[in-house]
Amino acid sequence: MNVSVKNNDFDFSKYTLDTKIGAGKFGEVWVCRNNIFRRKEAIKRIRLDTSGNLQTQARLNLLEPRVLEYLKKSDYIVKVFDAGLNKELNEIFITMEYLPKGSVNNLLAKHGYLDIQTVLNIMKSLLKGLEYAHNLKILHLDIKPSNILIVNKNKYKLSDFGLFSIKRENGSADVDIIYDLHIPPEIFKARKASEQTDIYLAGITFYRLVNGDIVLRKQFDEWIKKGKYKYAVLNSKYPSRNIYRYHVPSCVRKIIKKAINVDPKKRYKDAAQMRRDIEKIKLDYDWRKSRDDDRLIVWNAHSDNKNNLKLICEKKINLLEQFWTIKLLKVNEKSGKENMVHEFSKDYVKERVLVKRLCEIFNNYF
Ligand SMILES: Nc1ncnc2c1ncn2[C@@H]1O[C@H](COP(=O)(O)OP(=O)(O)O)[C@@H](O)[C@H]1O
Ligand SMILES: [Mg+2]
């Protein structure tokens, strides 16, 4: 793809900058006002290195808006409005639709990890955007929470095609840079990417969203410290296929496991297939944790067609040991009356068995 920048002088005077909403390796993103159209837009500013060749840098940085323009018919990819080089400021400007709720990373930063239904909605949108791009032979290659923008709680858009690559006839694409927290095995091996590389990145994103960043980051730091990160990625040890927050149902774990298979051929054939597996998941209960301290864990589940549930885990300490009691209650939405569904721990549960029991419960009521 070749971009000519000769007549691309970007008229920055049309815009009034408002606030900075993002800063990355390559530049900054601001909310601005388009004074001609009288609306808010997002503007990405990429400062060029004046000691280097400006034409080359401009050409490279203008590939992103060009590919966004090419993908603009998808409702699941952020819409680009304008782009160009401003030679006076030595900056590339890219204007886009402004999504005031920001990225999924904001949600993750606020809540730690996201409830399952929200994550399923995010993944469905993400995979629709990916499917569209893949049909046009565009690989995204930088799928992560900060590159998924929120439209509303049911709809999300894929953004930041800064690292995209085009698939060639032989079926693979070259890769320059990739985000270090999730380098796919095939990139470690040969720096060659395919649709399955995006599927892998979508799988890791899925894992991050249900578990929270800490769960992945901790494993990453440990493998890096041991100097065995590459080994761990190539041998299905990073991320751990067994470490999950206990409320994550096994149907979700199964999809992630398939998406992040070390062998690209064993992953989902395409984004649509992965999306269809996600669409098959019907959640009856929307579980939210309302309390978690040293002695008491409480989860509440809302259901549209069944009774609401409440799960209470209490730590008991006697002279000799500590154990947990687990109670599952049915809650009448109108009266607030609670009835015991099951007391899992007439035979008290030891600390290490607690997680296993909770996994079982969440797998029965999801
Ligand atoms: N169109 C937009 N609307 C709202 N926020 C945006 C928009 N584009 C980017 N952002 C915010 O700015 C951040 C960085 O933008 P991004 O395009 O991912 O640039 P970078 O290449 O620096 O990662 C995003 O994570 C998001 O929080
Ligand atoms: Mg980004």
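# Reading the strands, cores and loops of a predicted model

Trainee: How many bridges join strand β15 to β16, and which way do the two run?

Mentor: Five bridges join β15 (residues 322-331) to β16, and the two strands run antiparallel. Strands pair when DSSP finds at least two bridges between them; strands (E, at least two residues) and helices (H or I, at least four) are DSSP runs numbered from the N terminus. Within this pair, L328 stands opposite H342 of β16. The model is predicted, so local features need pLDDT of at least 70 and side-chain atom pairs pLDDT 80 or more, while totals for chains, interfaces and linings use all residues. Residues are numbered from 1 along each chain as its sequence is written, with chains lettered from A and ligands numbered from 1 in written order.

Trainee: In what order do the five strands of the open sheet lie?

Mentor: The order is β12-β13-β14-β15-β16, with antiparallel pairing. At the edges are β12 (286-292) and β16 (338-343), each pairing on one side only. On average, neighbouring strands of this sheet are turned by 25 degrees against each other, direction ignored. Axes are lines fitted to C-alpha atoms, for helices over the stretch in contact, and angles between N-to-C directions run from 0 to 180 degrees.

Trainee: Which helix packs on the sheet?

Mentor: Helix α11 (residues 351-364) does, touching β12, β14 (308-317) and β15. A contact requires C-beta atoms, placed from the backbone, within 7 Å. The direction of α11 makes about 20 degrees with that of β15.

Trainee: Into which domains is the protein chain divided?

Mentor: Domain bounds come from an automatic or database assignment. Here they give domain 1 (12-97), domain 2 (104-279) and domain 3 (286-364). The centres of domain 1 and domain 3, taken over C-alpha atoms, are 50 Å apart.

Trainee: How many residues has the largest nonpolar core?

Mentor: A nonpolar core joins buried Ala, Val, Leu, Ile, Met, Phe, Trp, Tyr and Cys residues through C-beta atoms within 7 Å. Buried means 20 or more other C-beta atoms within 10 Å, exposed 12 or fewer, and partly exposed in between, with C-beta atoms placed from the backbone. The largest core has 67 residues, and V119, L126, A202, F206, V210 and A259 have the most contacts inside it. Domain 1 and domain 2 both contribute residues, so this core lies between them. Another core, of 15 residues, lies apart from it and includes L311, W324, F344 and F366.

Trainee: Which peptide bond is cis?

Mentor: The bond from Y238 to P239 is cis, with omega near -10 degrees. P239 sits in the loop between α8 (229-234) and α9 (250-259). With 24 other C-beta atoms within 10 Å, P239 is buried. Leaving aside neighbours within four places in sequence, P239 contacts I204, Y207, L216 and Q219.

Trainee: Is S236, which has a positive phi, buried or partly exposed?

Mentor: S236 has a phi of about 55 degrees although it is not a glycine. This residue also lies in the loop between α8 and α9, and S236 counts as partly exposed because it has 15 C-beta neighbours inside 10 Å. L141, likewise not a glycine, has a positive phi of about 70 degrees and is found in the loop between β6 (138-139) and β7 (148-152). L141 counts as buried, with 22 C-beta neighbours inside 10 Å.

Methods:
Contact = placed C-beta atoms within 7 Å.
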